Amino acid sequence: MRATIFVTDDDQNVCSALSRRLVKKGHLVRSFHSGASLIEALEHEIPDLLFLDLKMPEMDGLETLRQIRQTIPKTLIFMLTAYGSVEDAVEAMRLGAYDFLIKSIDFSTVEPALHRAITFLELRRRIEFSASEKQRQYSWEHVIARSPAMTKVIEQLKILDAQDAPLVFLQGEVGTGKEFLARILHYNSRKHLGPFVTVSCNERSGSLLEPQIFGYERGAFSGASQSMPGALEHSDGGTLFVDEIEHLSIPVQGSLAEAIRTRSFCRMGGFDRLPINNRLVVTSATPQDQTGYKDIFHPELLSLLQKRQLFIPPLRERKEDIVPLVIKTIQVYGEEIGRPKLDIDSSIPPLLDTYPFPGNIRELEAMIRRAVLCSQGPVLTSLDFYSQHPGGGDGLSPNIGRVLFEIGQHDLQDIQVMVIDEVLRFTKQDRERAARYLQISKQTLDDYIQLRKNFSHTPKRS
């Protein structure tokens, strides 16, 4: 990494020697001989690194540091001195200096310190770039909310974000996009540079969830040979996302409630309370009106959750969002597979409007991906969606079927029998239902079935 470095020292020999050494390393270096000239230069350019002499006339290094620290909060500042004291070093670090170096003839202390600083800057840049990319990916404008129900949810989320709410509870059916909304909340908050840590609870996780969330000390249980931090510590400064919290045992829920209330916790087997500095977003797919709802939550945790509860509507209650979601998914997936100009025809919106989507957005996205793979041209049709259900059953619509035949190899009677076969396959051989779909009597259908049997024994045309 090529860094921009400012060197400030009233000794011109020291300033020149250090600057030459840094230039040889490939860095862009500017030198100054007083705190005042440095402050003036900072109005026009901000360096990555700054070497600042502690003892200078008129304005010493500490006073200069006091004046510039707020101006250049991300610059790494090295304090230089020929005869440092502990008090000076402590004060410099308190004011925000990155390191405190003793001058030497060969500047032997500079090179390893510079290497550490450059490594730190590279890591910080990668983190900031990744966070910036995530912010673009999870910006508010990427949330599809045309329906009144979803518009209300987004408004409530923005209010909670503005309040810097430490706890958010998202309740909704499986597949409604709760984790996506949690990430939207995270990457648009002041905690976006912190980690987003996920804990997925399920009935099989059992006793593994407590150490996963809280961490543990050595000897806390059989096999705990060394201390380990948990998700609460890993998410420090960011967001901890706990999915399907209803599967967390009642005792562990009680410990989590205490951690939320006190903003501190103990590792398993430990006694020291550690502070919490994150946002906790928890979800549940349990219906609000389910019998025994209170029996699956610790009462204290339930009380805390209900103060910050948002209900995420199922897709069937936000139909205005379906087509925009389809278009967005097609665009994203089309880009992934090298087909960026995909579109849908006019038959798809009414087709999707009648489907209940029991799997919600997750099912819709999977449906779109399969339809794209089934499609041959740039425009998806209803047949691309129906082709996902070769095994029959209630697909997207009872009015769509597919019959494949080679033109010129079958007469009208053959094709008629094929259509009847398709309807019978779709209805799982329910003749009464098939007759209704075909708008004929059951007796007429029985006659056609007999014709089909005759057809099946007819030799294939060559």
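## Basis of the description

Because the model is predicted, local features need pLDDT of at least 70 and side-chain atom pairs count only at pLDDT 80 or more, whereas totals for chains, interfaces and linings use all residues. Residues are numbered from 1 along each chain as its sequence is written, and side-chain values use heavy atoms, with hydrogens and water left out.

Helices (H or I, at least four residues) and strands (E, at least two) are DSSP runs numbered from the N terminus.

## The sheet β2-β1-β3-β4-β5

An open sheet is formed by 5 strands in the order β2-β1-β3-β4-β5, with parallel pairing, where two strands pair if DSSP finds at least two bridges between them. Its edge strands are β2 (28-32) and β5 (99-102), each of which pairs on one side only, and the twist averages 20° from one strand to the next. Strand β1 (residues 4-8) is joined to β2 in the parallel sense over 5 bridges, and the bridge partner of T4 in β2 is L28.

Helix α1 (residues 12-24) lies across β1, β2, β3 (49-53) and β4, running at about 170° to β2. Here axes are lines fitted to C-alpha atoms, for helices over the stretch in contact, and angles run from 0 to 180 degrees between N-to-C directions; contact means heavy atoms within 4.5 Å.

## A buried loop residue

T75 is found in the loop between α3 (61-68) and β4 (76-81). With a relative accessibility of 3%, T75 counts as buried, a term that means under 20% relative accessible area, against over 50% for exposed and partly exposed in between (1.4 Å probe, protein chains only). Leaving aside residues up to four places away in sequence, T75 touches I46, P47, D48, L49, L50 and R69.

## The sheet β7-β8-β11-β6-β12

A further open sheet of 5 strands has the order β7-β8-β11-β6-β12, and its pairing is parallel. The edge strands are β7 (196-200) and β12, each pairing on one side only, and neighbouring strands of this sheet are turned by 20° against each other on average, direction ignored. Helix α7 (residues 178-187) lies across β6, β7, β8 (239-243) and β11, and runs at about 155° to β7. Helix α11 also packs on the sheet, where α11 touches β6, β11 and β12 and its direction makes about 90° with that of β6.

Strand β6 (residues 167-171) is mostly covered, with 5 of its 5 residues buried. In a regular strand the side chains alternate between the two faces of the sheet. In β6, L167, F169 and Q171 point one way and V168 and L170 the other way, and all are buried. Strand β6 runs parallel to strand β11 (residues 279-284), to which 5 bridges join it, and pairs with strand β12 (residues 309-311) in the parallel sense over 3 bridges. Q171 has S284 as its bridge partner in β11 and F311 as its bridge partner in β12.

## Two helix pairs

The axes of helix α10 (residues 250-262) and helix α11 (residues 299-306) come within 8 Å and cross at roughly 50°. The two helices α10 and α11 are therefore oblique to each other, since angles under 35 degrees count as roughly parallel, over 145 as roughly antiparallel, 65 to 115 as roughly perpendicular and the rest as oblique. Q253, A257, I260 and R261 of α10 make the contact with E300, L301 and L304 of α11.

Helix α16 (residues 412-426) and helix α17 (residues 431-438) pack at an angle of about 130°, with their axes 9 Å apart, and are therefore oblique to each other. The crossing of α16 and α17 is right-handed. V419, I420, V423, L424 and F426 of α16 meet R431, R433, A434, Y437 and L438 of α17 in this contact.

Note on methods. Left-handed = near helix turned anticlockwise from the far one by under 90°.
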